[in-house]
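Please view the sequence and the model before reading on.

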Amino acid sequence: MNDTSWLQAVVRNRRPMSPQPTDVRPQLRSMPEISAVIFDIYGTLLISGSGDVGSANQEDRGALIGEAFAALGIQENIDSLPTIDDLRAQIQSSHDSRKSVSCPKPEVDIVDIWRRTLRQLGMRKFAADTKLVARLAAEYESRANPTWPMPGAVDLLARLRAQKIAMGIVSNAQVFTVNLVEDLLGSSLAGGGFDLELCIFSNRFRHAKPGPRLFDVLNGGLAQRGIQPAQAVYVGNDMLNDVWAASGAGLKTAWFVGDARSCRPRDDDPRCRSLRPDVVISNLMQLPDCLEIG
């Protein structure tokens, strides 16, 4: 694994969580001839306290930000620290500047958001230290959005790896997200069986789901491996960001409904009202039976 120890707060500050049941019933059927399985991360491979990446969307009136600063040994008056509203304003400004027909769902680099926020508040020396700002972002994320491995995730990945099924990721993510997946695997992404050319993270492209860009990149990687979109299944918890976006790119879809924190039916969105995933799974280990693998 690469040396990203300065981002390890997201792993170090994890806390045990169990999925919260939903009332959505599984709908299982055979999906033969699948050559690749592509995963969402937050709410699918990982239990997420907020249900998604992006802790700046959480209600925090200063306590968690203060804890994040204290974890770096920076003791400041709580009234002088950035607020959640400061972060949200920077995120909105970034979105507004980049949103367009070609980028309907912009993504931010959360480290850059923190850097700009700190600079705006006069903390320029702090803002100039990229690793320190990244550590701050990770410390805050680990508190506002704690994670834990989703039951069955480790076993499912091992099963797919043993069957030599290509594995990839398309996820809304930030710089510290890979650390969480590598901790889940106990190895690097490649060492854990993921094809790096099929691992697409929103922060690297500055496009987020459900915009089409990430799945366009994925389909390019699949094509290079001789895999048609319909020979890949995408596993995710959000009917809009995952099922609608992946099905629009031609992939088969598995809607994961195993945790109420992250299960997103999106019934109020017209794009999802008549949408039907190929399968609905409430436990990740239901997927191998649908793929007809031992």
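Two residues are in contact when they have heavy atoms within 4.5 Å of each other. The model discussed here is predicted.

Q: How many helices and how many strands make up the secondary structure of the protein chain, and what is its radius of gyration?
A: The secondary structure comes to 12 helices and eight strands. For 294 residues the globule rule gives 19 Å, and the chain is close to that value, so it is as compact as a globular protein of that length. Its C-alpha trace spans about 60 × 40 × 40 Å along the principal axes. The radius of gyration is 19 Å.

Q: How far apart are the mean positions of the positive and negative charges of the protein chain?
A: The chain has 33 positive and 34 negative charges. The distance between their mean positions is 2 Å.

Q: Which cysteine has the sulfur nearest to that of Cys 263?
A: A search of the whole structure finds zero disulfides. Cys 263 accordingly is in no disulfide, and the nearest cysteine sulfur is 12 Å away. Cys 263 counts as buried because its relative accessibility, 13%, is under 20%. The cysteine with that nearest sulfur is Cys 272.

Q: Is helix H8 largely enclosed by the rest of the structure or largely open, and how many of its residues are buried?
A: Helix H8 covers residues 177-185. Its buried residues include Thr 177, Asn 179 and Glu 182, along with Val 178 and Leu 180. Just after the helix, Gly 186 takes a positive phi of about 75°. Helix H8 is largely enclosed, because the number of buried residues is eight of the nine.

Q: Which residue is joined to Pro 210 by a cis peptide bond?
A: Most peptide bonds are trans. Pro 210 lies in the loop between helix H9 (202-205) and helix H10 (213-224). The bond in question has an omega of about 10°, and the partner of Pro 210 is Lys 209.

Q: Where is Glu 33 found, and what is its phi?
A: Most residues other than glycine have a negative phi. Glu 33 is in the loop between helix H1 (9-12) and strand E1 (36-39). Glu 33 counts as exposed, because its relative accessibility of 69% is over 50%. Its phi is positive, near 65°.

Q: Is Lys 164 buried or exposed, and what is its relative accessibility?
A: Lys 164 belongs to the loop between helix H7 (153-162) and strand E4 (166-171). Its phi is positive, near 60°. Lys 164 counts as exposed, with a relative accessibility of 75%.

Q: How far apart in space are the C-alpha atoms of Glu 107 and Ala 173?
A: Glu 107 sits in the loop between helix H3 (84-98) and helix H4 (110-120). At 10% relative accessibility, Glu 107 counts as buried. Among the residues that Glu 107 touches are His 95, Arg 98, Ala 173 and Arg 206. Glu 107 and Ala 173 are 66 residues apart in sequence, and their C-alpha separation is 8.9 Å.

Q: What is the relative accessible area of Asp 278?
A: Asp 278 is placed in the loop between strand E7 (252-256) and strand E8 (279-281). Not counting residues up to four places away in sequence, Asp 278 touches Arg 29, Met 31, Lys 252 and Thr 253. Asp 278 is partly exposed, with a relative accessible area of 23%.

Q: What distance separates the C-alpha atoms of Val 280 and Val 24?
A: Val 280 is found in strand E8, and it is buried, with a relative accessible area of 2%. Its contacts include Val 24, Pro 26, Leu 28 and Trp 255. Val 280 and Val 24 are 256 residues apart along the chain, and the distance between their C-alpha atoms is 8.5 Å.

Methods: Residues numbered from 1 in each chain as written. Predicted model: local features only at pLDDT ≥ 70, side-chain atom pairs only at ≥ 80, totals over all residues. Heavy atoms only, no water. Helix = DSSP H or I, 4+ residues; strand = E, 2+ residues; numbered from the N terminus. Rg over C-alpha atoms; globule rule 2.2 N^0.38 Å. Lys, Arg positive; Asp, Glu negative; His and termini not counted. Charge placed at Lys NZ, Arg CZ, Asp CG, Glu CD. Disulfide = S-S within 2.5 Å. Buried < 20%, exposed > 50% of the residue type's maximum accessible area, 1.4 Å probe, protein only.
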